[in-house]
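Here is a short tour of a protein model, written to be read with the sequence and the 3D view side by side.

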Amino acid sequence: MPACCGDAEVALWRSATGKVAAWEDRCPHRGMRLSHGFVRGEMLSCIYHGWRYDQTGTCQKIPAHPGLEPPASIKVRSFTALEQDGVIWLSEGEMAEPPPPLTGLTPLRSVTVDAITVLDPVSEVDGMTLLVQPLPGGRTGLHALTASTDPGERKAASRRLEVLRRDLEAGVAA
């Protein structure tokens, strides 16, 4: 799944045993997006030539050369990925501070706003908790969480998030 960490585009994936990894979204071989790849057990394979990378981003297999042990220098730039309360937090290095607790909240959905917002990094808007992420190109990611487990209430919150996205893109303050 593609994601962003600062200005970097990131391939975010989960191994067969549930471990989360985040890497630069570019295969070192030919530059193909790794977010288009596929998971095989504990490794992610590039869709282009099938090069396989382990959880650390180190190349473990080159299918065109099955007898070759890939050099350790063939490595994808990795990011810190921490899963907490159903949210995956990314950092380019060690996390400066722990993510805020989101106890009692469950992820609802994420939207991309084609505008820069003035919302705080963690905002309460219309009954939702929003994690606000600046994205490259003057865009903003809004990741909505809610305390409700009721399907009708979650659907209504999802609609409110869509209205908020449209309002922010139109320049209407939240």
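## The largest pocket

A pocket, as the word is used here, is an open set of grid points where a 1.4 Å probe fits, with protein on both sides within 12 Å along at least five of seven lines. Keep in mind that the model is a predicted one. By that definition, the largest pocket has a volume of about 1,100 Å³. Its lining is made of 40 residues, and those closest to the pocket centre are C4, I88, W89, Q133 and H143.

Which strand gives the largest share of this lining? That is strand 10, with 6 residues. Strand 10 is one of several strands that each supply at least two lining residues, and among the others are strand 1 (2-5), strand 2 (8-14) and strand 9 (87-91). Strands 12 and 13 each supply at least two as well. Sorted by class, the lining has 26 nonpolar residues, 8 polar ones and 6 charged ones.

## Overall layout

The protein has 1 helix and 13 strands. Along the principal axes, the C-alpha atoms fill a box of roughly 60 × 30 × 30 Å.

Of the 174 residues in the protein, 38% are buried. If you take the contacts with a separation of 6 or more, 43% of them are between residues 24 or more positions apart.

## Two domains

The protein is divided into domain 1 (4-91) and domain 2 (106-170). Their centres, taken over C-alpha atoms, are separated by 28 Å. Where the domains meet, 8 residues of domain 1 are in contact with 7 residues of domain 2.

The largest pocket involves both domains: its lining draws at least three residues from each of domain 1 and domain 2.

## Nonpolar cores

The largest nonpolar core has 15 residues, and L119, M128, L130, L142, L161 and L164 have the most contacts inside it. Strand 10 (106-113), strand 12 (128-135), strand 13 (139-146) and helix 1 (151-169) each supply at least two residues of this core. Helix 1 gives the largest share, with 4 residues.

## Two loop residues

D126 is not a glycine, yet D126 has a positive phi of about 50 degrees. Where does D126 sit? The place of D126 is in the loop between strand 11 (122-125) and strand 12.

G41 lies in the loop between strand 4 (38-40) and strand 5 (43-45). G41 is partly exposed too, with a relative accessible area of 35%. Although G41 and S15 are 26 residues apart in sequence, their C-alpha atoms are 6.0 Å apart in space. Leaving aside neighbours within four places in sequence, G41 is in contact with S15 and A16.

Definitions and conventions:
Residues numbered from 1 in each chain as written. Predicted model: local features only at pLDDT ≥ 70, side-chain atom pairs only at ≥ 80, totals over all residues. Heavy atoms only, no water. Core = buried A, V, L, I, M, F, W, Y, C linked by side-chain atoms within 4.5 Å. Buried < 20%, exposed > 50% of the residue type's maximum accessible area, 1.4 Å probe, protein only. 1 Å grid on protein atoms, 1.4 Å probe; cavity = no way out; pocket = protein on both sides within 12 Å on 5 of 7 lines; lining within 4 Å. Points joined across faces, edges and corners; volume = space filled by probe spheres on them. Nonpolar A, V, L, I, M, F, W, Y, C, P; charged D, E, K, R; others polar. Domains from an automatic or database assignment. Contact = heavy atoms within 4.5 Å.
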